[in-house]
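Colleague: I am new to this one. Could you walk me through it?

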Amino acid sequence: MSGASAQRAVRVRVPATSANLGPGFDTLGIALAYGDELTAVTREEPGATVHVTGVGEGEVPTDASNLVVRSAAHVFERLGRAVPGLEVTAHNRIPHGRGMGSSGSAIVAGVMIAAGLLQSDPVDPIELSEEQLLAFATELEGHPDNVAPALFGGLTIAWTTPEGPRFKRLMVHRGVAPLVLVPSFTMSTELARSLQPKQVPHEDAVFNVSRSALLIAALTQSPELLLEATEDRLHQNYRGDAMPATRDLIGELREAGHPAVVSGAGPSILVLSNGPADRLRAVDLVEAEHSDWQALILAVDTKGATVEAIPA
């Protein structure tokens, strides 16, 4: 196969994400400047070896069953290319099972590793389009709301069509100051989704349509509207009993005027503060009464996932 014997190496960086953002269930997502860095080197020996430091060390698979490797292999197979042997080193920061898009980021990391290796093929290079990157990642993740911001950065609106997933990337207003509150406990995305009803009252659907539209305006133009814009009736209430500590802290923060929502499927909390001063007040509230939550003061990641060729 073309380029199979030429050793190649790439470095990939992938940001954490937060999906839903309150009312934008399965549609809105934001990239956060807090992520994982991986290197991948091709080898003659088939299969894969993964070296993990940081989050997931000693817990995630270190062979070809690793989600990053499976995602890279998916891209090669979909394009009819032989899957190379891989030596992967992952330095992980994104918490697992906390609603910060760890699985989506792992999938994106694998897709980007494949993209970088295919582009550097010395015989028959392939350059993947944004549409292909999103399609491959969505095939693996099942929905595009987390993988879109991980791939492209910023605030993304993602949707699906008969032809495949689509996205629109928007710049977040510089006044928006994200804060993520991470608890010690985890939450299964599958469990969170199972708590969703298949039907909701008409008035709740209308409520969320209005708040989702308002949220786009708040995040891009008018951060002072974030508290109202992050109201939700579609998913958070139904999941509350499964993570009461998250539900209660969100209620406390919102009562104090902070735009707090469940981050992704939870149990972490995303606070979309209107400026650094408001964010620090939210941190003070949490540290005073909820010291078991880790406060991550973050910026919006504007680059998304990146890949670069490095010496093998």
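What follows is a short exchange of questions and answers on this predicted model.

Colleague: Which residues touch the most other members of the largest nonpolar core?

Modeller: That core holds 39 residues. Strands 1 to 4 and helices 1 to 4 each supply at least two residues of this core. The residues that touch the most other members are Val108, Ile113 and Leu151.

Colleague: Which helix gives the most to this core?

Modeller: Among the contributors are helix 1 (67-78), helix 2 (102-119), helix 3 (130-141) and helix 4 (147-152). Eleven residues come from the one that gives the most, and that is helix 2.

Colleague: What does isoleucine 113 touch?

Modeller: Leave out residues up to four places away in sequence. Then isoleucine 113 touches Val10, Val12, Ala40, Val68 and Ala72.

Colleague: How many residues are in the second, separate core?

Modeller: Its members include Leu32, Val176, Val180 and Ala229. In this second core, the number of residues is 25.

Colleague: Is glutamate 141 buried or exposed?

Modeller: Glutamate 141 sits in helix 3. Beyond residues up to four places away in sequence, glutamate 141 touches Ser103, Gly104, Ile107, Asn146 and Val147. Its relative accessible area is 16%. The cut-off for burial is under 20%, so glutamate 141 is buried.

Colleague: What separates the C-alpha atoms of methionine 243 and proline 267?

Modeller: Methionine 243 lies in the loop between helix 8 (236-239) and helix 9. Methionine 243 counts as buried, at 4% relative accessibility. Its contacts, apart from neighbours within four places in sequence, are Phe185, Met187, Val262, Ala265, Gly266 and Pro267. Methionine 243 and proline 267 are 24 residues apart along the chain, yet their C-alpha atoms are separated by 6.5 Å.

Definitions and conventions
Residues are numbered from 1 along each chain as its sequence is written. This is a predicted model: local features need pLDDT of at least 70, side-chain atom pairs count only at pLDDT 80 or more; totals for chains, interfaces and linings use all residues. Side-chain values use heavy atoms; hydrogens and water are left out. A nonpolar core is a set of buried Ala, Val, Leu, Ile, Met, Phe, Trp, Tyr and Cys residues joined through side-chain atoms within 4.5 Å. Buried means under 20% relative accessible area, exposed over 50%, partly exposed in between (1.4 Å probe, protein chains only). Helices (H or I, at least four residues) and strands (E, at least two) are DSSP runs, numbered from the N terminus. Contact means heavy atoms within 4.5 Å.
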